[in-house]
Amino acid sequence: MPPLNGSADLVIVANRLPVEPTTAADGSTEWRVSPGGLVTALEPIMRANEGLWIGWPGGTDVDVEPFEHDGMTLDPIALSAEEIGGFYEGFSNATIWPLYHDLVAKPEFHREWWDSYVDVNRRFAERAADRAAKNATVWVQDYQLQLVPQLLRELRPDLRIGFFLHIPFPPAELFQQLPWRRQLIEGLLGADLIGFQLPGGAANFVRLVRQRVGHKTHRDLVYLPDGRTVRAEAFPISIDYQGFEELARTDGVQERAASIRHALGDPQTVFLGIDRLDYTKGIYARLRAFSELIRDGELDVDSSVFVQVATPSREKVEEYRVLRDEIDRLVGRVNGDLGRIGRPAISYLHSSYPREEMAALYRAADVMVVTPYRDGMNLVAKEYVACRWDDGGALVLSEFAGSAAELRQAWQVNPYDLNGMKAALMDAAGAEPRDRQRRMRAMRKTVRQADVAAWATSFLDELDDVRPPHGKRLKPTLTS
Ligand code: G6P
């Protein structure tokens with residue numbers, strides 16, 4: 001482990017730390033690993049290389065000294081209320097987020113938000129510059145920190161810098177709208193390797209570089225005037241497949257899955273959606289499709305139920321408040337019109353759950369419904385597959401989720417096509433067990449072979465190749 005104030009050979013820079021503060025029974029603060037795959041992916045390589053993770057611990061002005069947690073050194077960056085408003089809720093989540101998700105909502109462009117984004121990105125870059133050892137590797141994560149690569153390179157040209165975008169990268173026609181488009185492209189070009197979820201995102205980026213900045217490009221390479229080369233390539237992210245499967249096989253999870261079905265009235269078909277409550281996820285459309293099937297008499301509430309878990313998210317951003325109200329209203333209306341005593345059509349939970357409960361829900365569901373309008377990858381789809389060690393269950397998956405490129409055997413749908421979605425829900429629910437098994441087995445093989453450890457390793461190996469280390473290579477891990 002690096003000394004708390006010393007320098008590290010591997011630095012992860014992400015908007016969020018991999019832990020979040022919780023209040024213990026005695027009132028003290030305890031740190032709990034946040035759900036999410038990134039930390040699982042990076043933990044082994046962090047340990048092997050005595051890595052450091054720089055990020056925001058959540059909350060306003062939470063000013064905490066660097067600390068150790070479970071073998072990792074964490075270095076918190078405090079954000080003020082103003083920065084949360086401008087950098088996080090504003091530019092990151094009301095400008096970039098909708099713009100990069102195909103304008104599912106209308107992005108807002110405000111100069112004060114941009115200024116805050118620049119300031120906070122600079123703080124992250126300065127902290128990384130301070131803490132990285134000579135010739136270290138720094139891996140910057142996601143859309144909140146797109147200026148960090150360039151700002152960091154100016155401060156520390158010796159570093160090897162990687163960047164990975166977890167969300168889609170839009171076509172040039174949309175990106176073009178951004179008043180600060182050139183600055184963002186130049187920010188990203190500070191990295192040696194820029195990772196995207198899909199080849200299409202990488203191609204969009206390279207095309208923009210050629211058109212907007214005028215640098216020479218060849219396939220996935222960008223040639224900068226100072227002689228540096230930058231590679232833009234796809235690295236589809238994945239999950240801890242083995243971890244999920246093992247969890248799903250435990251007695252506790254299996255018993256919990258049975259009791260969930262029982263509590264739902266032991267229906268014939270349990271449909272399930274699990275998402276952050278976000279307008280990109282297509283929650284409203286899928287619940288409408290399901291309720292129309294009940295209304296049309298194709299399904300009935302005695303034998304079918306839709307369980308929708310919506311995890312609270314970004315609740316101060318206007319679009320998210322509006323969405324929450326819309327879903328509340330829809331669920332109320334559907335259950336009021338179509339439900340019976342003890343048999344709601346939709347069982348709606350606005351809450352977040354630990355991994356064990358998620359695994360039990362996946363085990364309890366006959367049909368998993370993942371219908372985003374646009375999604376970088378969607379790990380819920382992969383988690384569902386990992387938990388179905390019995391080769392049972394069916395996956396209905398939007399063709400606009402990044403994971404659709406790998407999960408070819410899902411019932412793929414266009415979430416804008418309500419009738420198409422209704423047909424897919426019926427097909428998936430009524431499929432022959434042999435058909436389901438064949439599809440699930442194939443998808444399980446795909447995810448097993450491309451798990452999150454493989455993702456992290458291939459990115460870091462490629463980074464070594466793009467910018468050969470000055471004597472220092474990262475130590476590989478035993479687990480990947
Ligand atoms: C997406 C983003 C992540 C983000 C997460 C949760 O998956 O790609 O960068 O951390 O959503 O959103 P939040 O705003 O709560 O960090």
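Trainee: How far is an oxygen atom of the ligand from an N or O atom in the side chain of Arg16?
Mentor: That distance is 2.6 Å. It counts as a polar contact, meaning a pair of N or O atoms within 3.5 Å; within protein, one must be able to donate a hydrogen and the other to accept it, and residues adjacent in sequence count only if both atoms are side-chain atoms. Bear in mind that this is a predicted model, where local features need pLDDT of at least 70 and side-chain atom pairs count only at pLDDT 80 or more, while totals for chains, interfaces and linings use all residues. Residues are numbered from 1 along each chain as its sequence is written, and side-chain values use heavy atoms, with hydrogens and water left out.

Trainee: Which residues are around the ligand?
Mentor: Arg16, Tyr88, Asp142, Tyr143, Gln144, His166, Ile167, Arg276 and Arg314, each with a heavy atom within 4 Å of it.

Trainee: And how does that shell split by class?
Mentor: Three nonpolar, two polar and four charged. Here Ala, Val, Leu, Ile, Met, Phe, Trp, Tyr, Cys and Pro count as nonpolar, Asp, Glu, Lys and Arg as charged, and the others, Gly among them, as polar.

Trainee: What about Asp142, how far is its polar side-chain atom from a ligand oxygen?
Mentor: 2.5 Å. For Arg314, a polar side-chain atom lies 2.9 Å from an oxygen atom of the ligand. Alone, the ligand exposes 380 Å², and the protein buries 70% of that (Shrake-Rupley areas with a 1.4 Å probe; for residues, only the protein chains shown count as cover).

Trainee: Changing topic: in what order do the 10 strands of the open sheet run?
Mentor: S5-S6-S4-S1-S7-S8-S9-S12-S11-S10, with mixed pairing. Strand S5 (67-69) and strand S10 (216-218) are the edges, each pairing on one side only. Strands (E, at least two residues) and helices (H or I, at least four) are DSSP runs numbered from the N terminus, and two strands pair if DSSP finds at least two bridges between them.

Trainee: How is S5 joined to S6?
Mentor: By three bridges, with the two running antiparallel. His69 stands opposite Met72 in S6.

Trainee: How many bridges join S17 to S18?
Mentor: Three, and S17 (residues 394-398) runs parallel to S18. Leu397 stands opposite Gln412 in S18.
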